Amino acid sequence: MDFEDDVKLASASGIDAFALNIGTDDWQPGHVKMAYDAAAASGTGFKMFISFDMTVLPCGSPADAAALRNYVTTYADHPAQFKYDGRVFASTFSGEKCSFGSGSPQNGWKSQFYSQLNGNVFFVPALFADPGSFPSWSGAMDGVFNWNAGWPVDLTSSKVSSILGGVGLHLGPLVKAALNTASQTLAKFVGSTDSDQSCINGLKGLSASGAKAYMTSVSPWFFTHYGADSFNKNFIYYADSHLYNTRWESVIQNRDEFDLVEVLTWNDYGESHYIAPVKGAQPNSQAWVDGNAHDGWLDMTNYYATAFKTGKYPEIAQDALYAWARPTSTNANAPDPVGKPTNADTMTDAMWVAVFSTAPGTVTLSSGNGNSQDFIVQPGVTKLQLPLTPGSTMHATLTRNGQTVVDLSPKGFTFSDNPQIFNYNAFVAFAKAN
């Protein structure tokens, strides 16, 4: 394992810590130790914390809680342990139904986990529960992590159809003008902080012995494609309208109310929201992950992370073009036994582009089939899009004073309406000025 390489890459990208998702696999404790030790040895100041995956970890007895506490106490004094308010930071994925044999989830986490750590843990779980119930968790947690805030999870097929119908549009491929209208119409839902505000309001009634914290999330994508013979999950969340950029902008705008941000994720290949280079073992996701690098999203992360931490967007020192698209049309047909994913028709057949420009210039987007469009851009970040049709490729250039400054012409991407599988993962490419 090359944890130290990951640590150094993440640190250089503006990330300060990894949340280590812990389940029941017997190799995980050893890997946790390697990750902590790699962070300490990296010389970057990078930290680690445990996130308990309560969808797989047992939580029906006091002994199950003791196993969780053991992780906290084992790494409490490790130099790479992330701490908040002077205490060991820990989180979860789910856990709102775990009682550890103590009658209720609130009593279980309080009596079997939190209280027995004697004030040495700062616990911020991801509870999939009504935020109005958060006050009942007083004495069991110090805050909450809003996992689902990273995506507009409410934008289902029926809702998107209704929203677009209100502006005279429909689901499916759109021409240039309609694409722009659809993107702008749905962007307000992509950038919404309604679920954040619900959690923040719920935390107001939570009693805590020290500080309280709200941790939100940002994510660039979500697509998973497992059949009934496997994990049996085959759906997408709406990720158009420049989800990663738009969500980051909303988080930065509300940074005074958000204490922490977790990027989802570093390497969850199965759900297609990885931002790190693809390497190592995959959870049988090769069919939709291989060939679809997401490094471009990682490359732009430092810009937004810096703005969140400092309150000021950094000056763009190097021109760059980032482009991404799905390889498969929303109207595609495929001999795929898993079937088309739920909510596939919410996505638009388009390439999405983020321009990071040091000065005014002209960006030309082309799909390689005679379809191109010029855009005048100003210094800063400009978000653009261009419709794709079957057979399309991706090409973007940034020119200034008659000279090509950046030329992005990625290999390996062709847009298809007749694939072998329904692949709604993103193909992400980027290029920078020399």
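**Exercise 1. State which residues the ring pairs link into a cluster.**

Solution. In this predicted model, ring pairs join Phe-93, Phe-128, Phe-145, Trp-147, Trp-151, Phe-222, Phe-235 and Tyr-237 into a cluster.

**Exercise 2. Classify the pair formed by Phe-89 and Phe-122, and locate both residues.**

Solution. Step 1: the structure holds 43 aromatic pairs. One of them is Phe-89 with Phe-122, at 6.2 Å centre to centre and 15° between the planes. Step 2: planes under 30 degrees apart count as stacked, and the pair of Phe-89 and Phe-122 is stacked. Step 3: Phe-89 lies in strand 4 (residues 87–93) and Phe-122 in strand 5 (residues 121–124). The pair links distant parts of the chain, 33 residues apart. Step 4: Phe-89 and Phe-122 are buried.

**Exercise 3. Explain the class of the pair formed by Trp-151 and Tyr-237, then locate the two residues.**

Solution. Step 1: the ring centres of Trp-151 and Tyr-237 are 5.6 Å apart and the planes stand at 45°, so the pair is tilted. Step 2: Trp-151 sits in the loop between strand 6 (143–145) and helix 5 (157–165). Tyr-237 sits in the loop between strand 9 (234–236) and helix 8 (243–253), 86 residues apart from Trp-151. Step 3: Trp-151 and Tyr-237 are both buried.

**Exercise 4. Describe the surroundings of Glu-271.**

Solution. Step 1: Glu-271 is in the loop between strand 10 (260–263) and helix 9 (286–289). Step 2: its relative accessible area is 12%; buried means under 20%, so Glu-271 is buried. Step 3: beyond neighbours within four places in sequence, Glu-271 contacts Trp-221, Phe-222, Phe-223, Thr-224 and Lys-233. Step 4: the side chains of Glu-271 and Lys-233 are joined by a polar contact of 2.8 Å.

Note on methods:
Residues are numbered from 1 along each chain as its sequence is written. This is a predicted model: local features need pLDDT of at least 70, side-chain atom pairs count only at pLDDT 80 or more; totals for chains, interfaces and linings use all residues. Side-chain values use heavy atoms; hydrogens and water are left out. Helices (H or I, at least four residues) and strands (E, at least two) are DSSP runs, numbered from the N terminus. Buried means under 20% relative accessible area, exposed over 50%, partly exposed in between (1.4 Å probe, protein chains only). A polar contact is a pair of N or O atoms within 3.5 Å; within protein, one must be able to donate a hydrogen and the other to accept it, and residues adjacent in sequence count only if both atoms are side-chain atoms. Contact means heavy atoms within 4.5 Å. Rings of Phe, Tyr and Trp (its six-membered ring) pair if their centres lie within 6.5 Å; planes under 30 degrees apart count as stacked, over 60 as edge-to-face and the rest as tilted.
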